[in-house]
Amino acid sequence: MAEETIFSKIIRKEIPAQILYQDDLVTAFRDISPKAPTHILIVPNVLIPTVNDVEPEHEAALGRLFTVARKLAAEAGIAEDGYRLVMNCNRHGGQEVYHIHMHLLGGKSLGALVSC
Ligand code: 5GP
């Protein structure tokens, strides 16, 4: 059984966060340390530690991440200019919180994705 992170407590509203959206499958809230003018985290309510732990039974929740990203991008007014969706995995991916989450980043030109 994977260990819970702070995101489970945010999902259950046991600790504060600026929650922008929640339904039976996913929760979206503002990143505490934004890297862009819009920086929202969209997370499945069920604890999946990393993308390496994704199973077919998670497909509905993971698909929902995209429909919620689309909705929140439109609400934030960044849909037309564009934005970036990021999901980090493990150390080399820069993952810090082991409850998978989609970063929705936008509000400015984000530049190149990575350098070698
Ligand atoms: P990762 O590096 O795992 O892909 O991203 C984790 C993200 O979670 C970081 O951008 C970090 O700022 C954010 N974060 C970490 N702890 C908290 C928290 O307690 N509340 C919120 N809202 N964001 C958090």
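## The pocket

A pocket is an open set of grid points with protein on both sides within 12 Å along at least five of seven lines. In this predicted model, the largest pocket holds about 680 Å³ of space.

Its lining counts 27 residues. Asp31, Lys35, His39, Leu41 and His103 lie nearest the centre of the largest pocket. By class, the lining splits into 16 nonpolar, six polar and five charged residues. Five elements each supply at least two lining residues: α1, β2, β3, β4 (83-86) and β5 (102-106). The top contributor to the lining is α1, with three residues.

## The ligand and its shell

The ligand sits in the largest pocket. The elements giving two or more residues to the shell around the ligand are α1 (6-11), β2 (26-30) and β3 (38-44). Here too α1 gives the most, with three residues.

In total, 18 residues surround the ligand. Asp31, Asn88, Glu96, His101 and His103 are the closest. The shell contains seven nonpolar, seven polar and four charged residues.

## Polar contacts and burial

A polar backbone atom of arginine 30 is 2.9 Å from a nitrogen atom of the ligand. A polar backbone atom of glycine 94 is 2.9 Å from an oxygen atom of the ligand.

Histidine 103 uses its side chain: a polar atom there lies 2.8 Å from a ligand oxygen atom. The ligand exposes 520 Å² when taken alone, and the protein buries 87% of that.

Note on methods: Residues are numbered from 1 along each chain as its sequence is written. This is a predicted model: local features need pLDDT of at least 70, side-chain atom pairs count only at pLDDT 80 or more; totals for chains, interfaces and linings use all residues. Side-chain values use heavy atoms; hydrogens and water are left out. A residue is near a molecule or strand if one of its heavy atoms lies within 4 Å of it. A polar contact is a pair of N or O atoms within 3.5 Å; within protein, one must be able to donate a hydrogen and the other to accept it, and residues adjacent in sequence count only if both atoms are side-chain atoms. Accessible areas come from the Shrake-Rupley method with a 1.4 Å probe; for residues, only the protein chains shown count as cover. On a 1 Å grid over the protein atoms alone, a cavity is a set of points where a 1.4 Å probe fits but cannot get out, and a pocket is an open set with protein on both sides within 12 Å along at least five of seven lines; lining residues have an atom within 4 Å of a point. A molecule sits in a cavity or pocket if more than half of its atoms lie within 2 Å of its grid points. Helices (H or I, at least four residues) and strands (E, at least two) are DSSP runs, numbered from the N terminus. Ala, Val, Leu, Ile, Met, Phe, Trp, Tyr, Cys and Pro count as nonpolar, Asp, Glu, Lys and Arg as charged, and the others, Gly among them, as polar. Grid points are joined across faces, edges and corners, and a volume is the space filled by probe spheres set on the points.
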